[in-house]
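Please keep the sequence and the structure in view as you go through them.

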Amino acid sequence: LEAQLAQLQPARTVRAPLSASARRERDIELRQVAVAVRQLNLPVTRLVRTVQAPRDVSVALLGLDLNAQQGQDGASVLKIAAEAETPQDMLNYLAFLNQQPMFSSVYLLKHEMNANAQAPAHPYRFQLEAQWRQ
């Protein structure tokens, strides 16, 4: 019975040690997999709910960029593109985001007034960068 059992068990293969270049290649692949896993584990729903403007602030979100770069203190960076009817709404939205516990810091990257003749209110377009901890 022992002989039959030994035949049924898979043969153990002995792996040859990896060369230095193969180890470097494997390490690069492992880092890429780790980045992909981190991106899949992002709390996207929670982030979207957090960045939605309150009803008393007239701001429209135009885009969110959840890039994989790390900011200060290991925080992830979220870039926000938005549009406000007035400069005060833009500042109120910035203050609102700074009050959110999910973000360690939020700051204005750039802003511009839309001078398009077809935009009657000439809304303000702006970009923010928010650092958040996962």
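1. Among the contacts in the chain with a separation of 6 or more, 57% are made by residues 24 or more positions apart. Please keep in mind, here and in the points that follow, that this is a predicted model.

2. As for secondary structure, the chain contains four helices and four strands, and when they are read from the N terminus on, their order is α-α-α-β-β-α-β-β.

3. On burial and surface, the chain has 134 residues, of which 25% are buried. Its accessible surface amounts to about 9800 Å², and carbon and sulfur atoms contribute 52% of that area.

4. Which residues form a nonpolar patch on the surface? They are Val44, Val48, Leu61 and Leu64, which together have about 260 Å² of accessible area. Helix H3, covering residues 44-51, and strand E1, covering residues 59-70, are the elements that each give two or more residues to this patch.

5. Val44 deserves a separate remark, as a member of the patch that lies in helix H3.

6. Turning to the aromatic side chains, the structure holds two aromatic pairs, and ring pairs join Tyr93, Phe96 and Phe126 in a cluster. When you look for this cluster in the model, please locate the rings of Tyr93, Phe96 and Phe126 together, since the pairing is defined by the distance between ring centres, with a limit of 6.5 Å.

Terms used:
Residues numbered from 1 in each chain as written. Predicted model: local features only at pLDDT ≥ 70, side-chain atom pairs only at ≥ 80, totals over all residues. Heavy atoms only, no water. Phe/Tyr/Trp six-rings, centres within 6.5 Å; stacked < 30°, edge-to-face > 60°. Buried < 20%, exposed > 50% of the residue type's maximum accessible area, 1.4 Å probe, protein only. Contact = heavy atoms within 4.5 Å. Areas by Shrake-Rupley, 256 points an atom, 1.4 Å probe, with all protein chains shown as cover. Patch = residues over 30% accessible without salt bridge, like charges linked within 9 Å, V, L, I, M, F, W, Y side chains within 5 Å. Salt bridge = Lys/Arg side-chain N within 4 Å of Asp/Glu carboxyl O.
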